[in-house]
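Start with the terms, then read the points by topic.

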Amino acid sequence: MSNRSWFYASSGQQQGPYPEAQLRDLITRGTVGADTLVWTEGMSGWQRAGDIPGLVPGGSGPPSIQQPGAPSPMAASGSYSGGPLAIDFGILEFTWRTLVLVVGLIFIIPAPWVLVWYIKWLVPCARVPRRPNLSFVGEAMTIVPWFFGALVLVVGVALTGIQWLNNLMFFVQVALYWLFLRWFVANLASNEQPLGLSFSGSFWAYLGWTVLTILSIFTIIGWAWVYVAWMRWFCRNVQGTRREVVFIGTGLEFLWRAIVTAIASSFFIPIPWMYRWMSQWLASQTVLAERGASANG
């Protein structure tokens with residue numbers, strides 16, 4: 001283990017790699033503590049430094065010994081051997097970057113470039129088991145034709161007042177979201193090397209989920225269950241991973257969190273904290289499972 005390189009998470013950013021000797025020096029100086037998430041090659045996912053035997057003095061000690069042939073606790077509860085995703089980011093940095101994004105969207109022209117800049121910051125804040133230094137390699141010029149093509153269509157509808165063009169705009173917007181989703185997944189990377197992922201969900205299925213979500217609003221609370229089902233559909237259609245991406249959150253769990261977030265956000269100031277809280281829950285409910293394993297949830 002002494003020859004391994006380590007990564008650790010700090011303020012939502014992945015730091016490293018560091019030789020183990022340097023990591024131990026960071027532990028001695030208090031930069032890395034028992035609750036700090038760390039990762040090295042061979043680990044199934046990010047773990048607290050204190051949970052790794054011998055790494056942090058006074059840590060939680062070695063894990064419990066399993067009987068030969070017995071499944072691990074994670075495997076027994078749904079074969080989520082890859083572990084859950086995680087995300088974290090600084091509130092101040094999130095706030096000023098989001099304000100810049102909003103201003104860029106308001107002024108329209110810089111929107112594609114500001115959006116890509118924002119994504120390139122946000123994606124590395126996420127942590128995926130066995131994938132250190134997550135990044136995004138997409139470029140704004142790829143989405144510029146979609147963006148300005150839709151803008152020309154909107155202007156044309158406004159100037160001509162043609163009704164069928166106005167009806168067409170809904171399908172155009174859904175198509176743009178679908179294309180953006182495919183582009184986003186395809187440009188996820190680790191150490192600046194594309195992961196080779198793709199999104200296989202069809203446009204018509206995406207359109208169906210969009211319509212169902214709109215209709216579910218009239219049920220008052222049914223949208224929470226529809227959203228969770230949509231998330232599961234999305235995860236099932238992420239291709240190119242050795243493990244299956246599974247969303248295990250339930251509609252009820254999402255519902256009460258969404259209500260708390262909406263109430264707290266109505267006071268404006270708590271918005272960044274609530275966004276981070278909700279994002280962390282959504283990430284924790286997204287796990288990597290062995291292919292073919294049945295996921296409960």
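Buried means under 20% relative accessible area, exposed means over 50%, and partly exposed is in between, with a 1.4 Å probe and protein chains only. By that cut-off Trp233 is buried, because its relative accessible area is 9%.

This is a predicted model: local features need pLDDT of at least 70, side-chain atom pairs count only at pLDDT 80 or more, and totals for chains, interfaces and linings use all residues. Residues are numbered from 1 along each chain as its sequence is written, and side-chain values use heavy atoms, with hydrogens and water left out.

**Ring pairs: the rule and the count**

- A pair of aromatic rings is described by the distance of the centres and the angle of the planes.
- Rings of Phe, Tyr and Trp (its six-membered ring) pair if their centres lie within 6.5 Å; planes under 30 degrees apart count as stacked, over 60 as edge-to-face and the rest as tilted.
- The count by this rule is 26 aromatic pairs.

**Phe199 and Trp233**

- The ring centres of Phe199 and Trp233 are 5.5 Å apart and the planes meet at 85°, so this pair is edge-to-face.
- Phe199 sits in strand β11 (residues 198-199) and Trp233 in helix α8 (residues 222-236), so the pair ties together parts 34 residues apart in sequence.
- Helices (H or I, at least four residues) and strands (E, at least two) are DSSP runs, numbered from the N terminus.
- Phe199 is buried, with a relative accessible area of 4%.

**Trp209 and Trp230**

- Trp209 and Trp230 form a stacked pair, with 6.5 Å centre to centre and 10° between the planes.
- This pair links distant parts of the chain: Trp209 is in helix α7 (residues 203-216) and Trp230 in helix α8, 21 residues apart.
- Trp209 counts as buried because its relative accessible area is 18%.
- Trp230 is also buried, at 16%.

**The cluster**

- Which residues do ring pairs link into a cluster? They are Phe199, Tyr206, Trp209, Trp230, Trp233 and Phe234.

- Ile108 is a residue other than glycine with a positive phi, near 65°.
- Ile108 lies in the loop between α3 (91-106) and α4 (111-122).
- Its relative accessibility is 34%, so Ile108 counts as partly exposed.
- Asn191, a residue other than glycine, has a positive phi near 55°.
- The loop between β9 (188-190) and β10 (193-194) holds Asn191.
- Asn191 counts as partly exposed because its relative accessibility is 43%.
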